Amino acid sequence: MDWVLNFSEVGLTDIARVGGKNASLGELIRALGPVGVRVPPGFATTADAFRSFIDHNRLRLPLDHNFAQYKSGRQSLSATGRILRQLMLKGTWPPGLAEAVVDSYNRLCRMVGRSDLDVAVRSSATAEDLPDASFAGQHESYLNVRGEAALLDAVRRCFASLFTDRAIRYREEKGFDHRRVALSVGVQRMVRSDRAGAGVMFSLHTDTGFPRVVVINAVWGLGENMVQGRVTPDEHVVFKPLLHTPGVCPLLSSRLGEKNLKMVYAAGGQTKNVRTTVTEQRRFVLSDSEILSLAQWAVSIERHYGKPMDMEWAKDGPGGPLYVVQARPETFQSRKSAGVLRTFHLQERGKLLVEGLAVGDAIAAAPAQIIKGPEEIARFRTGNILVTSNTDPDWVPVMKKAAGIVTDHGGRTSHAAIVSREMGLPAVVGTGRATAVIRNGQAITLSCAEGERGRVYAGALKFQAVETSLEKLPVPKTPLLLNIASPAAAFQWWRLPVQGIGLARLEFLINDVIRVHPMALVHPERLDSLTRRKMGRLTRGYKRPTDYFVDQLASGVAQIAASQYPHPVIVRLSDFKTNEYANLLGGKPFEPKEENPMIGWRGASRYYHPNYREGFALECRALKKVRDEMGLTNVVIMVPFCRTVEEADKVLAEMAKNGLKRGEGGLEVYVMCEIPSNVILTEDFADRFDGFSIGSNDLTQLTLGVDRDSGTLASLFSERNPAVMRLIEDVIRRAHAKGRKVGICGQAPSDHPDFAEFLVKAGIDSISLNPDSVVGVIRRLAGDGEQKK
């Protein structure tokens, strides 16, 4: 009978012997070690060892008796768990088992070249990590265990943890027979991440299921703080398809976490939390090269397992290498039906109370109930929204009763986020102050339907949930694209059957993410002291304020471009009006007051103007970074509101001066067709641009002389006016004669399916729609004779 096996002796076929966790470690070492994935060595006790321990101590009858007492209601869960754990801890070792564990430990010490090696001792149930059960946090683990006696004590305690209250409850809920579940214990060389950092990574986007990215979270010290939600980690998103492309760095985004605590080792094999330094809080745990290495490992692991994976990593400090210390199948997004799209929409707005990271994409409205600690869990009322500092596995029963969850601390891989995701609950984590701002019993609305930032509003707001089937949709002959404003929206709608993005607006990124006027970053000396301080807080950690703009804009554009790669993603250069620019932080000193900003200093006229040229250069730097450094060459640049061909020449020259020369590296440049002059001079504009995109709102406004924002004239504003439709037909015909494509990115096709039918008949090359209009337009076009599957 094998009581102990080296990790190198087991694999995925051995789950019944060593549990999912240890079988996975063995699989990693055997199959992925040869391709460069580093995994710390170790060994595992087997299920036979556990059963021998049970039989040697004659525990089967006491176990059956106590479970029968619990199931009959004559004994509480806590009493049952306490009795069974005490029986296990009082047990003695079967002859030969302790010796086998100690012998394996000493061999591991000799392999590493250190006596009394410190090891991690982790439980691995034989039912663990099956598709319908994650067992996360159900059993005990012990870190920094050193020496033979300490190791045997830790193994015994792991055995006993099969009978924690939460583990018993979980098996009951999942229908596992307690007598058929055994426990293996993994003993693994300890990676000294307390002197460096640790974290988790997923081979898909955990909140949207987008499968083409790796998401990596990182904290200083041991990773337990991140899982328990005590700290907000760094987060990095890497684009998988370009990972092995020479000369590019497909790191789409990096968000700095607060990381105000780190867990380190204390005396006696214990751990403790210490405050991080200001320097640590303002630094990323991982370098770019380390992020890319982990992402490459994640792709290799996913490819080997043939499914999306949830992985843990650790860095050996100080200055040591990276290791993967665990890998298991991702159990939520990968099992969702790709054929159904469920979306939520707020139908009214309320006062914003707090915001944090959104988990999921749903909305919940209910009374808030603040629970400050485990001692208050029993009084939680079913259907309320749970508001607390952070959660751990003991909170699972109360989380199941909640309509939604809000926490002060934590990131996307905190316990609250993981469990909320698995339960299908909306959650907003890492708000920083929810328990201080939200009142107990207050009616609130928790919204995760507005992008990656989750928001909590005062009051029970009206919202709508819509389910859309994507199966058996017709295939339109005319390519459909998306209008997208934010990276979160791009990832959210990745399942839609479209062929790219026809309009990605820079204004959203500048207004909601960057929040600073670009010229204020170029010339901070023109700002008052209060505005400079506010700007300094936003740009903290950057060598130059302008680097903040370039980095944040590039990150946002890259995520949008990645969502549809390699299909074209048309990015429109900034098209704020002067009053909108003035409302950005530091904007007023740089913007004139205009009587009619709608037809004032906007679009192309800004890019070559001496008062904005330096700001436009930052936009160009960001787009050049996306294409040249990140490798997302599917980005097409579009110039808005270009009034004359002379202006077109000036803009193209300014772009070329900033490294964006049309035709170089396959760069295409489009122009918005939204001014009658663009139609009248179609051939001249076609000589300068690679394509046209019709902006139906402005084209209608300027053709009919109707202010599109005027309520009084609303009845006159119609893209379906014959004059507008004739201009559209004209530009399509003449542009095609010059070999140029014409698409449309205005609002009209989304609002009026019959307008989309007109565009198809006119020969439009593509139609760009708001995401929630795509399915309806597809079906409408199919009803008009489009080809079906």
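The model is predicted: local features need pLDDT of at least 70 and side-chain atom pairs count only at pLDDT 80 or more, while totals for chains, interfaces and linings use all residues. Residues are numbered from 1 along each chain as its sequence is written, and side-chain values use heavy atoms, with hydrogens and water left out.

Two packed helices are described by the angle between their axes and the distance between the axes. Helix α5 spans residues 97–112 and helix α6 residues 148–160; their axes come within 10 Å and cross at roughly 125°. This makes α5 oblique to α6, given that angles under 35 degrees count as roughly parallel, over 145 as roughly antiparallel, 65 to 115 as roughly perpendicular and the rest as oblique. Axes are lines fitted to C-alpha atoms, for helices over the stretch in contact, and angles run from 0 to 180 degrees between N-to-C directions. Helices (H or I, at least four residues) and strands (E, at least two) are DSSP runs, numbered from the N terminus.

## Residues between the two helices

On the α5 side, A98, V101, V102, Y105 and N106 meet E148, L151 and L152 of α6, where contact means heavy atoms within 4.5 Å. By class, this contact has six nonpolar, one polar and one charged residues. Ala, Val, Leu, Ile, Met, Phe, Trp, Tyr, Cys and Pro count as nonpolar, Asp, Glu, Lys and Arg as charged, and the others, Gly among them, as polar.

R51 is located in helix α2. With 31% relative accessibility, R51 is partly exposed (buried means under 20% relative accessible area, exposed over 50%, partly exposed in between; 1.4 Å probe, protein chains only). Apart from neighbours within four places in sequence, R51 contacts R60, R180 and A182. Its C-alpha lies 55 Å from that of G541, a residue 490 positions away in sequence.

N57 belongs to the loop between α2 (47–56) and α3 (60–71) and counts as buried at 19% relative accessibility. Its side chain reaches the backbone oxygen of F53 at 2.8 Å. Not counting residues up to four places away in sequence, N57 touches G91 and T92. P94, in the loop between α4 (77–90) and α5, is buried with a relative accessible area of 5%. Leaving aside neighbours within four places in sequence, P94 is in contact with W3, S52, F53 and H56.

S203 sits in the loop between β6 (197–202) and β7 (213–220), and at 0% relative accessibility S203 counts as buried. The side chain of S203 makes a polar contact with the side chain of E302 at 2.9 Å. A polar contact is a pair of N or O atoms within 3.5 Å; within protein, one must be able to donate a hydrogen and the other to accept it, and residues adjacent in sequence count only if both atoms are side-chain atoms. Beyond residues up to four places away in sequence, S203 touches several others, including P211, K240, A298, E302 and M311.

K593 is placed in the loop between α19 (578–582) and α20 (604–607). At 87% relative accessibility, K593 counts as exposed. K593 and A582 are eleven residues apart in sequence, with 8.9 Å between their C-alpha atoms.
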